[in-house]
Amino acid sequence: MASHDLAALDRADMARLAAVRDDALNDLMERHAGPVFGFLQRMLADEEAARDLAQETFVRVFQHRQRFRPEADFSTWLYTIAANLARNHLRWRSHRRHDSLDAAGNDGSGTLAEMLSGKEPTPREVLERAERLASVRAAVDGLPEELRASLVLTEWEEKSVAETAAILGLTSKAVESRLYRARKFLREQLARWLKD
């Protein structure tokens with residue numbers, strides 16, 4: 001489905017939701033819950049918290065349905081809500097100084113194509129891949145929250161710099177600067193793996 005068609009569907013569903021048609025929220029969730037959960041999981045590196053905040057994001061959409069401007073982009077508004085919830089959660093978590101011991105290493109075991117290829121990786125390849133994924137996860141988790149948000153939105157959520165700026169309430173130049181700093185940090189942290 002083309003992005004302008006999706007945006008039109010979102011606007012129509014928000015109009016239905018404003019008229020207290022609860023089924024409209026189900027339609028919005030069906031289209032957007034997966035991507036929002038993925039974004040939050042990458043931001044928080046905590047599946048349970050991401051699931052809770054994804055639900056809270058849609059609770060806020062419902063609660064603030066009258067505030068949505070029909071000419072606005074629903075996706076930007078939705079991700080702004082999710083990003084704010086993630087920021088608040090990260091601040092709360094840093095005050096608690098709670099580190100999840102099981103956050104690293106919960107990556108599943110590869111893509112469907114890898115599983116179906118029939119070529120079994122060697123134990124060494126499995127170990128190296130797990131180590132590389134853990135290193136990338138640790139490096140991304142080590143980014144300051146403002147750098148991580150810009151990186152996750154542009155790289156994983158495939159938002160443009162302009163969309164990311166709108167979601168985070170920044171200028172495009174500020175997002176570009178944060179992306180530069182985030183990528184530099186990751187290059188330094190992952191230098192060992194970039195040599196290969």
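Predicted model: local features only at pLDDT ≥ 70, side-chain atom pairs only at ≥ 80, totals over all residues.

Modeller: Let us take helix H2, which runs over 23–44.

Start with its length. H2 has 22 residues, and at 1.5 Å a residue they should span 32 Å. The end C-alpha atoms are 29 Å apart, which agrees. H2 is not straight, though: it bends by about 50° at His-32. A proline, Pro-35, follows within four residues of that bend. After the helix comes Ala-45, with a positive phi near 50°.

Which residues of H2 are buried? They are Ala-24, Leu-25, Leu-28, His-32, Val-36, Gly-38, Phe-39, Leu-40, Met-43 and Leu-44. Look at the spacing of those numbers. An α-helix has 3.6 residues a turn, so residues three or four places apart point the same way.

Now pick out Leu-28. Leu-9 belongs to helix H1. Leu-9 counts as partly exposed because its relative accessibility is 34%, while Leu-28 is buried.

Next, the core. The largest nonpolar core holds 32 residues. Phe-39, Leu-40, Met-43 and Val-61 touch the most other members. At least two residues each come from H1, H2, H3, H4, H7 and H8. H4 gives the largest share, nine residues.

Leu-40 is worth a stop. Beyond its neighbours within four places in sequence, Leu-40 is in contact with Ala-45, Ala-50, Leu-53, Ala-54, Thr-57, Ala-82 and Ala-86. There is also a second, separate core of 11 residues, including Ala-139, Val-140, Leu-147 and Ala-182.

Leu-147 and Ala-182 turn up again where H7 meets H9. The axes of H7 and H9 come within 8 Å and cross at roughly 95°. These two helices are therefore roughly perpendicular. On the H7 side, the contact uses Glu-146, Leu-147, Ser-150, Leu-151, Thr-154 and Glu-155. On the H9 side, the residues include Val-175, Leu-179 and Ala-182.

H8 meets H9 as well. Their axes come within 8 Å and cross at roughly 100°, which means that H8 is roughly perpendicular to H9. Val-161, Ala-162, Thr-164 and Ala-165 of H8 make this contact with Ser-172, Val-175, Glu-176 and Leu-179 of H9.

Definitions and conventions. Residues numbered from 1 in each chain as written. Heavy atoms only, no water. Core = buried A, V, L, I, M, F, W, Y, C linked by side-chain atoms within 4.5 Å. Buried < 20%, exposed > 50% of the residue type's maximum accessible area, 1.4 Å probe, protein only. Contact = heavy atoms within 4.5 Å. Expected span 1.5 Å × (residues − 1). Bend = angle between axes of the 7 residues up to and from the residue. Axes fitted to C-alpha atoms, helices over the stretch in contact; angles between N-to-C directions. Parallel < 35°, antiparallel > 145°, perpendicular 65-115°, else oblique.
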